[in-house]
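Here is a brief report on selected features of one model.

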Amino acid sequence: MKENRYDDPRFFEKYGQMARSQKGLAGAGEWHELEKLLPDFHGLRVLDLGCGYGWHCAYAAGHGAARVLGTDISQRMLETARARNPGPSIEYQQAAIEDLRFPDGSFDVVLSSLALHYVEDFQTLECPQPTVNTPHDLKPLPQNVPLSRPAEYHQW
């Protein structure tokens, strides 16, 4: 079953109180290391799986990406992304990661941060193969866990 806690009003409100929600990439504990792994986005087509508020979409667009597609299962997340991180080269689409289908070569860079742990079965994914190889190609792990959570997270 595809998980979408973020359209629950109480959960979404609590998520909005986290530093990463309020400060963007500057509030994300992992950002200073993740940024080092990202390629030069100039002229590239980028797919962000589980884009949330669209912070990585805005970063890619701001660093010269020709086209950025941010996808998320949550309507609330996408509404926030469109409001906080719009841009002429950014498009947002509602879809679960498991439901996305794109031909190989559709994107130069495919990225995802703190979203792949919601995918129940990686064998069902049909992620397009990016056209750009970087020295730091990232491989999905079976799980990933946010580095910071509010103390009351378990009660959401």
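## Aromatic cluster

W55 is partly exposed, at 21% relative accessibility. Buried means under 20% relative accessible area, exposed over 50%, and partly exposed in between (1.4 Å probe, protein chains only). This is a predicted model: local features need pLDDT of at least 70, side-chain atom pairs count only at pLDDT 80 or more, and totals for chains, interfaces and linings use all residues. Residues are numbered from 1 along each chain as its sequence is written, and side-chain values use heavy atoms, without hydrogens and water.

Ring pairs join Y15, Y53 and W55 in a cluster. Rings of Phe, Tyr and Trp (its six-membered ring) pair if their centres lie within 6.5 Å; planes under 30 degrees apart are stacked, over 60 edge-to-face, the rest tilted. The Y15 and Y53 pair is edge-to-face, with 5.6 Å centre to centre and 85° between the planes. Y15 sits in helix α1 and Y53 in the loop between β1 (45-49) and α4, 38 residues apart. Both Y15 and Y53 are buried. The rings of Y53 and W55 have centres 6.2 Å apart and planes at 55°, so this pair is tilted.

## H56 in α4

H56 lies in helix α4 (residues 55-62). Helices (H or I, at least four residues) and strands (E, at least two) are DSSP runs, numbered from the N terminus. H56 is buried, at 15% relative accessible area. Beyond neighbours within four places in sequence, H56 contacts L25, W31, L34, D48, L111 and S113. Contact means heavy atoms within 4.5 Å.

## Helix α5

In α5 (residues 75-84), the buried residues are M77, L78, T80 and A81. Their cover includes α1 (9-15), β2 (67-72) and β3 (90-94).
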